[in-house]
Amino acid sequence: QVQLVESRGGLVQAGGSLELSCAASGLIFSIYTMGWYRQAPGKQRDLVATITSGGDTNYADDIKGRFTISRDNTKNTMFLQMNSLKPDDTAVYYCNAVRTTPSGTRNYWGQGTQVTVSS
């Protein structure tokens, strides 16, 4: 059974920093593309950042230069370092694992963790 467990988010002041982690189990972590998504109240779930099995990263435009995604394949864990946080970053943050092969796509989600940035 695949499990993705995000660390607790929290409340942080604007301009502050927070690091999220996602611990994965039940899958071969190193071969999955991992990602962070977020969903603000009343809005759709949007991409924050992804990191491939090879370490290539991709970021949403509104967080470039402020957030850094990374992974530790020895610990089956992914991270999101968030700096210079803004109130607009307030959302539920979700961990995602995806792998597409010729036989299909496997896509898994964590339960989400709330991040609130106060002004």
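This tour walks along neighbouring strands and then stops at one arginine.

The model is predicted, so local features need pLDDT of at least 70 and side-chain atom pairs count only at pLDDT 80 or more, while totals for chains, interfaces and linings use all residues. Numbering starts from 1 along each chain as its sequence is written, and side-chain values use heavy atoms, with hydrogens and water left out.

**Stop 1: β4 and β5.** Select residues 33-39 and 45-51. These are strands β4 and β5, paired in the antiparallel sense over six bridges. Strands here are DSSP runs of E, at least two residues, numbered from the N terminus. Two strands pair if DSSP finds at least two bridges between them. Now pick W36; its bridge partner in β5 is A49.

**Stop 2: the turn.** Five residues separate β4 and β5 in their hairpin. Select G42 in that turn: its phi is positive, about 75°.

**Stop 3: β5 and β6.** Move on to β6, which runs antiparallel to β5 and is joined to β5 by three bridges. Select T50 and look across to N58 in β6, which stands opposite. This hairpin also has five residues between its strands. In its turn, G55 has a positive phi of about 95°.

**Stop 4: R66.** Select R66, in the loop between β6 (57-59) and β7 (67-72). Is R66 buried or exposed? R66 is buried, at 10% relative accessible area; buried means under 20%, with a 1.4 Å probe and protein chains only. Show its contacts (heavy atoms within 4.5 Å). Beyond neighbours within four places in sequence, they are Q81, M82, N83, S84, L85, K86 and D89. Finish on S84: its backbone oxygen lies 2.9 Å from a polar atom of the R66 side chain.

Terms used:
Helices (H or I, at least four residues) and strands (E, at least two) are DSSP runs, numbered from the N terminus. Buried means under 20% relative accessible area, exposed over 50%, partly exposed in between (1.4 Å probe, protein chains only). A polar contact is a pair of N or O atoms within 3.5 Å; within protein, one must be able to donate a hydrogen and the other to accept it, and residues adjacent in sequence count only if both atoms are side-chain atoms.
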